[in-house]
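Here's a quick tour of a few local features worth checking while you have the viewer open.

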Amino acid sequence: MLKKLLGVTTATVFALGLVACGSDEPVDGGSESEEPAGEGTEEATGFDGGSVDYQIVGIDPGAGLMNITMNDVLPEYGLEDDWTVVESSSAAMVASLTSAYENEEPIIVTAWSPHFKFNNFDLKYLEDPQNIFGDTEDIHTVVRLGLDEEQPEAYRFLNQFQWEPNHIEYVMALIDEGGAEEAAAEQFVQENEDLVATWTDGVEAVEGEELELLYVAWEETIAATNVVGHVLETLGFDVTLTQIDAGPMWAGIASGSGDAIVCAWLPTTHAEYYAEYEGQFEDLGSNLHGTQLGLAVPTYMEDIHSIEDLVVE
């Protein structure tokens, strides 16, 4: 059984560590297409911000995503005089999204992925022509120096670990629905044997080799670390999962007190730590591509496609 050590965590750049509340099964989204504008029909008027009271449902005040939205996105797009970003929490945002989605009502939320809401609901990011939210990032696997020689089977497995956003979002959804983290990881592994086989290809079983995985309390990181830990346990490793802040996590890998992390957001989020400890760890490269920040809406909102559509004429 995985051993877990919990550390004190602080607010992160993207507030990804906040656990959202449970949500019901999504209903089918989408609405029937409107007739195209033409002779005898009214011309399309575009998105009406009044349908959402000119409000964007946000998360925790002080979160990086909130700061970007309020201090950069709104003023740069000329929205600060008309729109309000409602401060709440990750859980409250998901609750509002769930209620609106079930009733096919309009809503705009601050969003990031991977996140289970993209597994539970049919959503789309609004285009960001000015690229204020930034480009997508990758999540990397980083290990301590010497792991390849001292624990080659663990190194081989970690070097082969790769998956997609829909995979991790499925695990996150299982946890959000009330499942234990270990149980969610086990269920995913059982249901995705072919994928897991690519991670374990050529990896020899061991007998009780100790391995410590460090992680921060972000939802996607909790999901990923538990899946990796579970598979390593099936290979015979005695795995400890240690929850810790981002700074000590990187310091732990650099000092060799921890063996690996599977949650290094690069090239932006963890750039400071990467630069500080460069040369004191080994970067095994991306294990997941396609992280994103932005504003999102249900796909049944067919009259809005871009942040520019929020501009009040």
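D53 sits in the loop between strand 1 and strand 2, and it has a positive phi of about 60 degrees despite not being a glycine. Keep in mind that this is a predicted model.

**The loop with positive phi values**
- At 56% relative accessibility, D53 counts as exposed, because the cut-off for that is over 50%.
- Y54 is in the loop between strand 1 and strand 2 too, and its phi is also positive, near 55 degrees, in a residue other than glycine.
- For context, most residues other than glycine have a negative phi, and most peptide bonds are trans.

**Aromatic pairs**
- Searching the whole structure turns up 13 aromatic pairs.
- Y54 and W83 make an edge-to-face pair, because their planes are at 70 degrees, with the ring centres 5.3 Å apart.
- That pair ties together distant parts of the chain, 29 residues apart: Y54 comes from the loop between strand 1 (3-5) and strand 2 (55-57), and W83 from the loop between helix 1 (64-76) and strand 3 (84-86).
- Y54 is partly exposed, with a relative accessible area of 28%, whereas W83 counts as buried at 4%.
- F161 and W163 are paired as well, but tilted: their planes are at 55 degrees and their centres 5.4 Å apart.
- Both partners are tucked away, with F161 buried at a relative accessible area of 1% and W163 buried at 4%.
- One aromatic cluster is made up of F157, F161, W163, F188 and W199.
- Over at W112, K117 lies over the face of the ring, 4.1 Å from its centre.

- Which residues of helix 8 (residues 193-200) are buried? They are L195, V196 and W199.
- Those residues are on the same side of helix 8, because they cover an arc of only 95 degrees around the axis.
- In general, an α-helix has 3.6 residues a turn, so residues three or four places apart point the same way.
- E193 and D194 are exposed, on the face of helix 8 turned away from its buried side.
- The cover over the buried residues of helix 8 includes helix 5 (152-160), helix 6 (165-176), helix 7 (181-191) and helix 9 (219-234).
- Leaving out residues up to four places away in sequence, W199 touches F157, Q160, F161, Q162, W163, F188, V227 and V231.
- W199 also turns up in the largest nonpolar core, which has 99 residues; I108, W163, W199 and L310 have the most contacts inside it.
- After helix 8 comes G202, with a positive phi near 80 degrees.

**A buried aspartate**
- D259 is in the loop between helix 10 (246-255) and strand 9 (260-266).
- D259 counts as buried because its relative accessibility is 10%, and the cut-off is under 20%.
- The side chain of D259 makes a polar contact of 2.6 Å with the side chain of R144, and reaches the backbone nitrogen of E212 at 2.7 Å.
- Beyond its neighbours within four places in sequence, D259 has contacts including V142, L147, Q151 and I253.

**Cis peptide bonds**
- The S113 to P114 bond is cis, with omega near 10 degrees; P114 lies in the loop between strand 4 (109-113) and helix 3 (117-120).
- L266 and P267 are joined by a cis peptide bond too, with omega about 15 degrees, and P267 is in the loop between strand 9 and helix 11 (271-277).

Definitions and conventions
Residues numbered from 1 in each chain as written. Heavy atoms only, no water. Helix = DSSP H or I, 4+ residues; strand = E, 2+ residues; numbered from the N terminus. Buried < 20%, exposed > 50% of the residue type's maximum accessible area, 1.4 Å probe, protein only. Polar contact = N/O pair within 3.5 Å; in protein donor to acceptor, adjacent residues only side chain to side chain. Contact = heavy atoms within 4.5 Å. Arc of directions from axis to C-beta. Core = buried A, V, L, I, M, F, W, Y, C linked by side-chain atoms within 4.5 Å. Phe/Tyr/Trp six-rings, centres within 6.5 Å; stacked < 30°, edge-to-face > 60°. Lys NZ or Arg CZ within 6 Å of the ring centre and 35° of its normal.
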